[in-house]
Amino acid sequence: MFSLERWQEIFETMSKNWLRTLLTMISVFFGIFILVILLGFSSGIKNGVRNEFEQDATNRISIWTGVTTKEFKGLNPGRRIQLRNSDFEEINTKYDDDLEYRTGLYSIWGGTVTYKKESGNYRIEGANADQQFIENESMVLGRFINNSDLQTSVKVAVIGNQIKKDLFKDENPIGKSIEVFGINFLVVGVYTDPGGTREETRIFIPITTAQKVFNAGDKLRSLAYTIKMSDNFDEAVALSASLSEQFESDIKNKYSIAPDDRSAVRVNDTLEEAKKIYGLIDTISLVFWIIGLFTIIAGIVGVSNIMLIVVKERTKEIGIRKAIGALPSSIIGMILQEAIFITALAGFIGLFAGVFLLDAVGPMIENDFIKNPQVDFKTAMLAVGLLIFAGALAGFIPARRAANIKPIEALRDE
Amino acid sequence: MIEIKDLHKSYHMGSNSLHVLKGINFSVNEGEMVAIMGSSGSGKSTLLNILGMLDEADNGSYHLDGKMIANLNEKAAAKYRNQFLGFIFQSFNLINYKTALDNVAMPLYYQGIKRNVRIEKAMHYLEKVGLADWATHLPNELSGGQKQRVAIARALASDPKVLLADEPTGALDTTTSYEVMELIQNINDEGKTILCVTHEEDISHMCKRVVNLKDGLIIDDSLVKQVRAKEAANV
């Protein structure tokens, strides 16, 4: 298999029949190239969606309230349902064992924030210390809101990295004072969010402070929780779904809301969504694999076909070789090795072209759902293994046929 | 060198059966140069194919250099062919994308000889047939006579016991034919056993013994006075 002589023979026959060799290689090249591109994009979609989810904790459950749309127990539709601190406390106590992080939220969508001469319009959220983990924030500078802030309702603020860039430029914002609606807040921390700049244009202040400053009393805009994750993903999804249902029915009971009123209380179960989307992604990558494999099969059939023609075309030559002493095994080896070599060479070129294209074009793709499309090393190695196998498969039948050629028939003068 | 006894061979084509060889008895000693004559359909090519282990007899025995040749698998047949026999064909059967030198070196490749030794040996045989200057040419750049001489060099390269020639001059004009026969005669003079199938009277008389085949049987087997090709050409 590795004798230099054999390779010389193969290179010679290949270069003497370069057009045929080239055409064969093109079909394999495209098979692998398309597989790599498809796999790259399937991983790109995976990365993109995962990134979307990473903005917040995946095991998060959020609860909002709105306006009732259905009459229930003699109450008219159109009532505004208002969450209060007591709702938050009730859920906390009732489901304490299953909850990991928890916070009530009171947020202002847009508020003018000023530092010296710089100002901007940002979202202001009153939250608990747990909000850091629910929103998946990591600290760049300083600290997040803590329990002592909450107890004393001090005017401190944690700002996003983007706000820091906007207002403070290169200055260290910790310990500086910013103005929110004309009220001074002390900056105690800067956070960054995996969701990117959009998620970094928020200011967190203690919920107790927010309720005082914005005259909200004990009102809450929404509640957010994360559930305790078990090691089993499916169990976690089930727990998340049942908790979501219970939260919804508890609040509906408490405020006398029709069980089928969808707009009065909304519970968003991130884990359930995540499961659905991950399932979808798995399906997409499976479909991509299947398409890719079929493309490769088409390539293999092409190689096999062309090798059959090659054998047919070289019948006489193979007959001559046998007449002067070629062993059947050397004929099989010759055809098989040529098939494997052609598939492997064309496949590698396709593999590298695909990887190169993904590398070059991948980072330029600006899309929320496709991010960083690439093929990992394991997949590439798998493709290579597949190629060698495919080459052997493609060469096998033609090689057998070649070995069975009878010299006397091949040499018969027509 | 060659000894065959009661050799039978039939071909089956659909329901028809064609009895080509009907009991051939014949032996060849070392150093002989035998012409096998016969009209087409007499079975002379079939006989040569069996002698060349390209085909198998239905009945009878065949000994080559004292070895019984029967029921060989492909591998063994290939080995014997490579060791004992050299073929010369009417249509030369050179591999057309290989140079003259590489064609001659082919049997040596299948003997597992290293490339540099192979090339050296092949060059030696090309010199012997007078084509050293054409070593790097492809077959389609050579004339018919030159091609046949390359084929002869190839047949000689593995240093076989017996040369089997199937109408070696069938595709050549008279002058070239005689040149090729002169070469074959010279090789025979050096002691190589040669069997030559032909249907041309003048070519057969350049051998030392003529075997006449008709309808699958030997009708005549006699020694003749060899006509030297060189002299025949001057007539």
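In the predicted model, helix H3(B) is followed by Gly112(B), a residue with a positive phi near 80°. H3(B) itself spans residues 100–110 of chain B, and ten of its eleven residues are buried, so the helix is largely enclosed by the rest of the structure. The buried set runs through Ala100(B), Leu101(B), Asp102(B), Asn103(B) and Val104(B), and also includes Ala105(B), Met106(B), Pro107(B), Leu108(B) and Tyr109(B). These buried residues pack against helices of both chains: from chain B, helix H2 (74–84), helix H4 (115–128) and helix H5 (144–157), and from chain A, helix H1 (4–16).

The contact between the chains takes 22 residues from chain B and 16 residues from chain A. On the side of chain A that touches chain B, at least two residues each are supplied by H1, helix H10 (315–323), H11 and helix H13 (407–410) of chain A. H10(A) provides the largest share of that side, with four residues. Classified by residue type, the side of chain A that touches chain B divides into nine nonpolar, two polar and five charged residues.

Helix H11 of chain A, residues 328–361, also packs with helix H12 of chain A, residues 377–403; the two axes come within 7 Å and cross at roughly 150°. Because angles over 145 degrees count as roughly antiparallel, this crossing makes H11(A) roughly antiparallel to H12(A). The handedness of the crossing of H11(A) and H12(A) is right-handed. Residues in the contact of H11(A) with H12(A) comprise 23 nonpolar and four polar residues, with no charged residues.

A further helix pair within chain A involves H11(A) and helix H9, the latter covering residues 270–313. The axes of H9(A) and H11(A) come within 11 Å and cross at roughly 140°. The crossing of H9(A) and H11(A) is right-handed. From H9(A), the contact is made by Val303(A), Met307(A) and Val311(A), and from H11(A) by Ile335(A), Ala339(A), Ile342(A) and Thr343(A). By class, six residues of the contact of H9(A) with H11(A) are nonpolar and one is polar, and no charged residues take part.

Methods. Residues numbered from 1 in each chain as written. Chains lettered and ligands numbered in written order. Predicted model: local features only at pLDDT ≥ 70, side-chain atom pairs only at ≥ 80, totals over all residues. Axes fitted to C-alpha atoms, helices over the stretch in contact; angles between N-to-C directions. Parallel < 35°, antiparallel > 145°, perpendicular 65-115°, else oblique. Left-handed = near helix turned anticlockwise from the far one by under 90°. Nonpolar A, V, L, I, M, F, W, Y, C, P; charged D, E, K, R; others polar. Buried ≥ 20, exposed ≤ 12 C-beta atoms within 10 Å, placed from the backbone. Contact = placed C-beta atoms within 7 Å.
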